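Biologist: I'm new to this one. Can you walk me through it, starting with the overall picture?
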Amino acid sequence: MQPADLQTITANEEKSRAKHRCRLWACGSTACLSSGAGEVRTALTAAVKEHKLAGEVQIATSGCQGLCGNGPLVRREVEGEASITYQDVDPTLARQIVAAEARSGPDLAAASELAAGSLAAHILPETHPFFALQHKVALALNGRIDPERIEDYIAHGGYAALAKVLTTMTPEQACDEVKRSGLRGRGGAGFPTGIKWRAVHDQAGERKYVIANGDEGDPGAYMDRTVMEDLAHQVIEGMLIAAYAVGAQQGYLYVRGEYPLAVKRLEKAIRAANRQGLLGKNIFGTDFSFTLDIRIGAGAFVCGEETALMASVEGNRGVPRMRPPYPAQSGLWGCPTLINNVETFANIVPLFDKGAEQFASVGTEKSKGTKIFALAGKLKNTGLIEVPMGITLREIVFAIGGGIPNDKAFKAAQTGGPSGGCIPAEHLDTPMDYESLRALGAIMGSGGLIVLDETSSMPDVARFFMEFCADESCGKCVPCRVGTVQMHGLLDKIVGKQATNADVEKLQRLGELVKRTSLCGLGQSAPNPVLSTLRYFRHEYDALVSERQA
Amino acid sequence: MSTSALTNDPRLKLVDRTIKKFDARGDALLEVLNTAQEAFGYLSPELIRYVGHELHVPLARVYGVATFYHLFTFKPKGEHTCIICLGTACYVKGAGDIVAALERDFEVKSGGTTQDGKLSLTTARCLGSCGLAPMIVVDGTVLARNEPAATVERVRAATTTKAVS
Amino acid sequence: MITLTIDGQTLSVKPGTTALDAALAHDIDIPRLCHHPELKPSGGCRLCLVEVEGRPNPVPSCGLACEQGMVVHTQSEQLTALRRDTLDLFVSDHPLDCVTCDKAGACSLQKYAYEYGLTETTHDFKLSRTLYQDDNPFFIRDHQYCILCGKCTRVCDEVVGAHAIEIVGRGFGSHVGTAFDGPMIDSSCVFCGSCVQVCPTAALLPVSRLKQGREWELGHKHTICGYCGVGCGIDFRTKGNQIVYAQGFPEAVVNGEFLCTKGRFGWDFVQHPDRLTRPLVRKDLAHQLGLIDEDWALGPTQRATLADFVPVSWEAALDLVADKLAAAVQATGPDSVASLSSARCTNEDNYVFQKLMRATIGTNNVDHCARLCHASTVSGLAMAFGGGAMTNSIHEIRDADCLFVTGSNTTESHPVISYEMVRAVKSGANLLLVDPRRIPLAEHATLWLQTKPGTDIYVFLAMAHVILREGWADTDFITRRTEEFEVFAKSVELFTPELAALESGVPADNIVKAARMYALGERAGGVSKYADEPRGHSGIFWAMGITQRRNGTEMVLSLANLAMVTGQLSKPSTGVNPLRGQSNVQGASDMGALPDVLPGYQKVVDEPKRKAMAEKWGLADLPAQPGLTVTEVMAAAHDRRVRAMYVMGENPMLSDPNLEHVEESLRKLDFLAVQEIFLSETAQLAHVILPAASWLEKDGTKTNTERRVQLIHPVLKSPGEAKPDWWVVNELGKRVEARLGKTADGGLWRFTSPAQIADEIASVTPTYRGIVHRRLGEVGLTWPCPSEDHPGTTILHHTTFTRGLGKFHAVGARPPVEQPDAEYPLVLSTGRVIYHYHTGTMSRRSAPLHWRDPRDWVEINAVDAQAAGIEDASPVVIRSRRGEVKTLARISEHVPAGVIFLAFHWAEAPANILTQDHTVDPYAKIPEFKLCTVRVEAVN
Ligand SMILES: Nc1nc2c(c(=O)[nH]1)N[C@H]1C(S)=C(S)[C@@H](COP(=O)(O)OP(=O)(O)OC[C@H]3O[C@@H](n4cnc5c(=O)[nH]c(N)nc54)[C@H](O)[C@@H]3O)O[C@H]1N2
Ligand SMILES: Nc1nc2c(c(=O)[nH]1)N[C@H]1C(S)=C(S)[C@@H](COP(=O)(O)OP(=O)(O)OC[C@H]3O[C@@H](n4cnc5c(=O)[nH]c(N)nc54)[C@H](O)[C@@H]3O)O[C@H]1N2
Ligand SMILES: Cc1cc2nc3c(=O)[nH]c(=O)nc-3n(C[C@H](O)[C@H](O)[C@H](O)COP(=O)(O)O)c2cc1C
Ligand code: SF4
Ligand code: SF4
Ligand code: SF4
Ligand code: SF4
Ligand code: SF4
Ligand code: FES
Ligand code: FES
Ligand SMILES: [Mo]
């Protein structure tokens with residue numbers, strides 16, 4: 001394909017889109033499917049047939065629309081009107097939604113009025129605070145396109161950034177653009193992406209690789225799943241731009257094995273991109289060629305760690321190794337390798353579409369752009385959000401999340417999963433950026449954000465994470481292999497009200513040891529939940545000690 | 001080596017297809033094991049031997065790899081399966097209680113299979129639908145917002161129906 | 001070079017050196033449990049943490065690359081605390097019962113626990129693993145003591161290449177295991193014990209070591225392994241006159257800490273009750289001499305047992321042998337006496353042996369098993385280069401870019417060399433294998449050409465064809481260093497890859513690939529040590545698959561041609577490398593235990609050289625007529641040209657081709673003396689048996705396959721009256737000399753120690769001139785070493801070939817002697833297995849080796865087995881035109897259809913009953929052990 005072909009596809013798409021007056025997007029993401037979106041979609045389709053609306057109303061499947069806790073969601077999209085989202089849809093309601101469109105006939109105004117009237121109880125306006133405070137960059141197209149159709153992605157501007165980069169920029173310029181944007185890796189550590197790209201670019205060597213890290217092992221986070229399921233092409237396009245910039249010919253998408261839908265969609269997207277010539281040889285008629293394969297994980301949290309991930313791609317036990325050498329120097333099969341998180345790749349396309357300056361106009365001084373969070377736990381609104389960096393925790397919890405249900409009090413927010421920490425109420429006004437969170441002993445992490453209310457026991461939460469880490473430890477280095485087991489034992493003792501003060505001290509000391517001496521990020525951060533709860537909620541530990549039974 | 005019982009098994013075709021897709025390269029070990037497990041439900045010693053032999057990967061390595069990853073199992077699964085998410089979101093919303101209830105009611109430890117081979121109980125680390133926590137999967141159907149008593153009911157109902165293929 | 005500071009010391013190191021290696025090289029000790037200098041760093045034990053100025057956190061020094069100006073501290077209060085706490089974690093998962101533990105004193109964990117003052121864990125939870133008993137007689141595996149340093153699994157993978165063990169499971173549940181956690185015997189383990197060697201704790205210990213005393217009570221005795229030609233250094237740990245266990249040691253120049261199963265575990269034969277302890281005279285002869293009254297005779301098919309001999313004093317035995325030999329010389333002439341010397345024996349033993357035959361008896365009838373082994377290598381390389389042995393050293397193998405191995409089952413026959421090959425492959429070298437059998441190296445090969453037996457010559461010729469056609473030849477090398485290139489170039493024109501494909505069954509494009517790989521020294525990955533040169537470095541390695549052929553010499557020439565045409569010679573990690581078999585076959589040949597050459601390959605027909613040697617021995621001249629080879633001597637005995645034979649350390653009754661004929665011949669002798677350590681099949685036909693000291697009981701030097709002359713030392717006292725071979729020969733020399741009235745001026749037989757003999761060797765052998773006894777320390781010297789200030793030669797033919805220019809030879813493709821037909825449809829390939837050695841006198845008396853491979857078997861492909869109605873593990877009979885052998889079938893994919901494999905170790909199923917001796921290589925007189933045709937039938 002040539003760059004001009006993108007326009008042809010777009011024009012065709014627009015033509016066929018114009019055939020329908022109204023589109024009803026049924027959410028087809030994993031969360032909504034689990035709350036009955038499949039039946040909803042069937043009901044919608046049946047109703048359209050019943051009402052003989054096939055020519056007017058189109059039923060489409062979208063990616064995640066965000067507010068998963070209120071799903072299944074259905075979004076109504078009519079040219080020139082504000083879109084409407086129906087929440088908690090069931091098959092009955094689905095038929096009513098279609099019926100509303102039927103009754104209105106060609107009278108568009110009446111239709112929306114009607115819909116607004118009788119279905120009002122289920123309408124979730126886009127002005128709802130859940131949506132209002134968000135700023136969608138990476139997820140701009142999410143819920144708005146059919147994730148399984150490459151044409152739809154192209155019609156929404158897809159692959160234009162790639163065309164622009166390949167035809168107008170040198171690899172160095174591409175690296176530079178990323179550097180200027182200030183984008184930092186979304187996989188957790190926040191390493192400046194542009195610098196990483198440049199490092200791989202600067203390595204000598206004929207064979208180089210690009211890897212997208214879609215392992216997402218943080219239990220309680222699903223940003224990356226959504227990105228891969230719904231924006232597969234955006235990830236692929238981001239990888240293509242990266243490959244061009246660093247000089248790689250082969251890429252791997254490492255997907256968590258528990259995400260079958262993501263695998264299916266990515267496979268489909270790769271096939272489509274290959275068919276269109278967007279993957280393979282001489283892309284857009286240039287010298288640039290790139291092949292992309294999927295590798296499926298098999299359930300090991302540590303495989304999210306980059307060196308373990310590479311071992312896994314090579315078909316080995318997913319055991320981390322010492323760095324340096326970094327993947328940029330010696331990665332897959334000893335060749336220079338760029339590895340970024342899938343959300344990082346999803347940011348590449350808007351970055352090049354709009355330019356580094358515009359990308360950098362959002363966020364804080366050191367943390368540019370937006371971040372996707374998976375809101376979960378004791379909140380009224382749970383789901384996926386994308387917010388500008390620097391937004392406060394309070395805004396996320398109380399405005400977007402709608403506060404704590406059942407009139408309970410906020411106790412803490414846990415970020416970064418098992419590697420992260422707990423932020424107590426006194427720090428609710430902390431801006432969400434890499435440095436501020438680190439200062440609190442928490443981390444941004446990949447974006448899991450779980451809210452705990454007054455009923456949660458912090459030592460119990462710490463024990464939960466420690467059990468997780470001990471179970472997920474690869475076993476290679478002794479502090480993590482044995483240290484996490486000892487720590488878990490101590491936490492068990494504490495939660496079981498068997499512990500003494502000395503045990504709590506020992507826990508603290510052991511935590512510091514494991515943090516300082518472990519080989520990889522898993523062990524180095526495994527004590528974080530313990531250390532941060534000891535820091536902010538020591539009284540809860542003390543209480544358990546003093547309740548100790550004889 | 002490759003026992004005839006295994007080589008005559010039609011399910012092996014799926015495994016062979018994956019092996020072929022990757023030109024029998026050793027680095028495809030995980031993909032091939034994944035397919036093998038999908039096709040057979042678990043990794044039997046014969047199957048592991050077969051994979052190692054076809055990919056020219058030392059058997060000890062195949063075994064080391066297979067035992068490293070959670071997803072691989074070495075015993076046949078029960079007729080029915082129930083997976084309970086023990087991810088953070090689900091845990092803070094009480095998934096632990098659901099596990100306890102199921103373990104008590106079906107007299108099986110999570111990770112195990114009931115004596116009669118009817119039910120395998122496993123836990124997962126986040127099913128990626130934390131907004132609807134706690135999540136469970138019964139015989140492939142994903143169920144949102146669970147609580148102990150209803151879940152036990154639900155699973156009991158599932159195990160008294162015929163096995164899903 | 002990079003300069004850095006460690007603990008205030010300023011050091012200069014090569015780029016890429018780790019801080020740990022830099023420190024250790026400068027005697028700065030850093031605690032470590034998972035590091036091994038020969039293995040890739042792991043980083044798992046976290047004890048080697050150091051502080052680096054400017055870095056916030058301590059870093060493991062085993063993974064820390066030195067940087068210019070870096071300032072490192074290895075000791076501090078912080079580090080001590082971290083290390084102590086880390087050890088505390090180890091110990092919380094460890095029994096720490098050093099008081100009764102066999103590892104105590106040699107245990108790294110104990111050492112650090114002591115240094116950091118840890119008597120027990122401070123942790124609450126005493127963790128423990130299940131005890132795992134592996135029922136094998138080599139080593140125990142006790143997981144309780146395992147600290148999961150992973151050294152055992154790494155060594156098994158990275159060095160041994162067996163990959164029998166792996167870390168299984170993960171996290172705290174991980175442990176070292178075999179596939180399915182089964183016993184070692186069911187795994188791919190080759191019982192080399194490398195894992196035992198590197199294990200820092202009591203998790204892996206030799207069985208022989210258990211409850212045999214504290215580590216500090218055991219002695220250290222270093223010597224060179226007496227099995228194969230690799231010549232590994234072994235540290236024997238002894239208690240009294242007992243070996244407790246054996247290990248490698250870092251200073252061992254050839255092998256470092258690594259050994260194979262025979263070297264590490266196969267030494268217990270030495271104190272087997274079957275050892276010969278007194279000189280023995282067979283009853284018939286004893287009766288004749290009036291020693292016994294009983295009138296006894298050896299039946300026509302009977303083999304003598306120990307009961308059929310009478311023990312006599314050394315005096316009596318030596319006089320008797322001397323009488324018999326002298327009598328034969330006097331009655332039928334010196335050439336009616338023949339002898340076999342021994343590649344098992346030292347240079348000194350062999351030197352005096354051939355001296356006895358030449359100087360005192362007066363015949364060149366001395367040969368040894370090299371004839372059956374690398375005779376064709378020697379003749380081929382003499383023609384091409386003017387002389388030959390391995391051109392390069394063992395240690396260079398790991399740096400090669402491409403290894404071309406053919407006709408060598410290196411893993412089983414030269415295990416420690418295969419470790420070098422495995423290392424090369426693991427770091428990215430290509431391994432090109434040409435072999436009809438699926439030998440263990442096939443699992444590591446990047447390209448394996450499975451030729452039909454006997455057709456490999458087509459592949460070699462076609463490779464040359466392709467190299468010339470594609471312009472991959474090294475024209476500079478050809479013009480500067482060689483002659484007769486044109487003749488050769490013309491000779492390979494016909495041999496296209498397509499023709500070779502047709503004959504050998506190997507696809508033509510793989511032959512082209514192989515040619516390119518070898519010629520250009522292509523790698524599969526990684527970075528070459530020789531990256532700045534226009535072509536990578538390739539080495540050729542071969543053994544019996546090439547030499548034991550009726551065209552062995554031509555086979556060798558075709559390989560020499562390939563090396564010359566590509567210039568893969570005279571540089572490190574290249575060369576033509578015949579892997580010599582016996583522990584001292586190189587030395588026995590160097591010493592002139594061959595019928596046509598004197599020490600140092602000086603031809604007996606070369607008058608000036610011969611006369612010069614005679615003069616050194618104080619004689620006028622020496623016999624000028626080349627003597628009988630091993631393959632000729634039996635025929636000569638058969639038609640009574642030879643009447644008396646003296647055999648030192650050879651067992652032709654199992655190792656020579658066509659055994660029925662061998663037996664007939666030996667029975668026809670008037671007198672047979674056998675100098676042995678056991679009652680071998682040959683000794684069973686002897687009139688007199690002289691009990692010899694074994695390699696574990698004597699002094700001397702041996703020359704390994706890389707031409708390294710090394711000292712051996714006694715580890716134990718000899719049993720009974722067994723004596724070193726050189727002593728016996730020296731005593732016989734005196735006596736024969738006296739009987740023949742041939743006493744030379746100075747007296748030829750005044751040796752009182754091997755060191756004296758060694759110095760005489762140096763004085764008469766040009767290539768050994770500088771190898772005087774006192775220069776031989778732990779590392780030995782590599783010949784040629786022409787003077788006492790010469791450091792020895794690592795790379796042979798470095799700037800010029802021994803004969804001046806290297807000579808190309810045009811060779812054709814000669815077919816094997818026997819071709820399969822309807823009556824004998826299968827090809828029998830004979831050879832060795834890793835656990836046994838030759839005629840089995842030693843290895844089959846080693847309890848662990850015997851346990852691992854207790855009985856005879858033949859390998860047969862499932863296709864042939866099915867056709868003949870043979871089931872796995874069922875009895876079969878193998879028939880050839882010479883005879884038949886019964887054994888057990890082992891159905892296996894290691895042999896292709898049409899080929900069976902039978903080792904020649906089994907006295908109860910002797911392969912050489914089947915082999916032929918009528919057509920041998922015309923130059924080298926080597927029989928075609930590798931190819932004869934047979935038929936196999938099931939036995940009901
Ligand atoms: N364990 C053990 N080690 C030993 C010995 C021992 O007895 N036991 N003996 C020592 C001695 S003296 C020697 S000489 C060496 C011998 O060492 P090797 O020569 O390695 O031993 P063999 O078993 O004879 O194996 C010969 C190889 O040639 C291959 N071969 C057979 N036919 C052909 C053919 O037509 N073409 C080619 N290219 N290859 C063919 C065989 O498959 C095998 O790989 O081993 C030494 N090391
Ligand atoms: N079919 C077949 N036949 C073969 C081969 C083959 O591949 N196939 N290979 C051939 C090859 S390469 C070789 S090298 C020969 C080997 O043939 P041999 O050398 O005949 O075989 P070994 O068993 O090594 O015999 C050595 C004898 O020396 C004794 N001995 C050991 N140490 C000492 C010592 O210190 N002093 C004395 N005096 N005696 C000692 C041993 O007990 C043993 O009986 O076999 C050849 N025969
Ligand atoms: C234990 C552990 C788990 C990790 N899991 C993930 C993960 O699931 N996804 C991810 O992108 N990065 C994960 N990382 C971080 C990666 O190692 C790596 O830094 C990241 O993929 C780089 O991408 P980025 O620069 O785009 O963030 C993990 C790190 C550790 C130590
Ligand atoms: S810190 Fe844990 S996960 Fe990381 S290498 Fe060590 S044992 Fe493995
Ligand atoms: S292995 Fe070492 S530390 Fe453990 S009991 Fe034995 S000597 Fe002591
Ligand atoms: S004995 Fe050798 S082959 Fe066996 S496990 Fe140990 S290292 Fe591996
Ligand atoms: S058995 Fe020994 S070498 Fe192997 S991991 Fe355990 S302690 Fe280390
Ligand atoms: S390789 Fe040879 S020399 Fe080395 S230990 Fe083994 S048998 Fe002995
Ligand atoms: S924590 Fe259960 S679905 Fe994410
Ligand atoms: S020696 Fe460096 S971590 Fe073990
Ligand atoms: Mo040999």
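**A first look at the chains**

Modeller: Chain A has 24 helices and 14 strands. Keep in mind that this is a predicted model.

Biologist: What radius of gyration does chain A have, and what would a compact globule have?

Modeller: Chain A has 24 Å. A compact globule of 550 residues would be near 24 Å, so the two agree. The C-alpha trace spans about 75 × 60 × 40 Å along its principal axes.

Biologist: How much of chain A is buried?

Modeller: Buried residues make up 65% of its 550 residues. Of the contacts in chain A with a separation of 6 or more, 73% are between residues 24 or more positions apart.

Biologist: Now chain C. How many helices and strands there?

Modeller: Chain C has 28 helices and 37 strands. Its radius of gyration is 29 Å, close to the 30 Å that the globule rule gives for 940 residues, so chain C is as compact as a globular protein of that length. The C-alpha trace of chain C spans about 90 × 70 × 65 Å along its principal axes. Buried residues account for 65% of chain C.

Biologist: Let's talk sheets. What is the strand order in the open sheet of seven strands in chain C?

Modeller: The order is β14-β13-β27-β26-β25-β15-β16 (chain C), with mixed pairing. β14 (309-311) and β16 (366-367) of chain C stand at the edges. Each has a single partner strand, so one side of each is left without a neighbour in the sheet.

Biologist: How do β15 and β25 of chain C run, parallel or antiparallel?

Modeller: They run parallel. Four bridges join β15 (residues 337-340) to β25 (residues 644-648) in chain C. Val337(C) stands opposite Ala644(C) in β25(C).

Biologist: Which strands does helix α25 of chain C lie across?

Modeller: Helix α25 (residues 725-739) of chain C lies across β25, β26 (671-676) and β27 (688-691) of chain C. It runs at about 155° to β25(C).

Biologist: Switching to ligands. Which residues are closest to ligand 4?

Modeller: The closest are Cys474(A), Cys477(A), Cys480(A), Cys520(A) and Gly523(A). In total, 13 residues surround ligand 4. By class, that shell has eight nonpolar, four polar and one charged residues.

Biologist: And what is around ligand 6?

Modeller: Residues of chain C, including Phe139(C), Cys156(C), Cys189(C), Cys192(C) and Cys195(C). The shell around ligand 6 divides into ten nonpolar, two polar and no charged residues.

Biologist: What about positive phi in chain A?

Modeller: Take Lys52(A), with phi near 50°. Lys52(A) is in the loop between α3 (37-50) and β2 (57-62) of chain A. Glu216(A) also has a positive phi, about 35°. Glu216(A) lies in the loop between β6 (209-214) and α11 (223-230) of chain A.

Biologist: Is Lys52(A) buried or exposed? And Glu216(A), buried or exposed?

Modeller: Lys52(A) has 72% relative accessibility, so it counts as exposed. Glu216(A) has 6%, so it counts as buried.

Key: Residues are numbered from 1 along each chain as its sequence is written. Chains are lettered from A and ligands numbered from 1 in the order in which they are written. This is a predicted model: local features need pLDDT of at least 70, side-chain atom pairs count only at pLDDT 80 or more; totals for chains, interfaces and linings use all residues. Side-chain values use heavy atoms; hydrogens and water are left out. Two strands pair if DSSP finds at least two bridges between them. Helices (H or I, at least four residues) and strands (E, at least two) are DSSP runs, numbered from the N terminus. Contact means heavy atoms within 4.5 Å. Axes are lines fitted to C-alpha atoms, for helices over the stretch in contact, and angles run from 0 to 180 degrees between N-to-C directions. A residue is near a molecule or strand if one of its heavy atoms lies within 4 Å of it. Ala, Val, Leu, Ile, Met, Phe, Trp, Tyr, Cys and Pro count as nonpolar, Asp, Glu, Lys and Arg as charged, and the others, Gly among them, as polar. The radius of gyration is taken over C-alpha atoms; the globule rule is 2.2 Å times the number of residues to the power 0.38. Buried means under 20% relative accessible area, exposed over 50%, partly exposed in between (1.4 Å probe, protein chains only).
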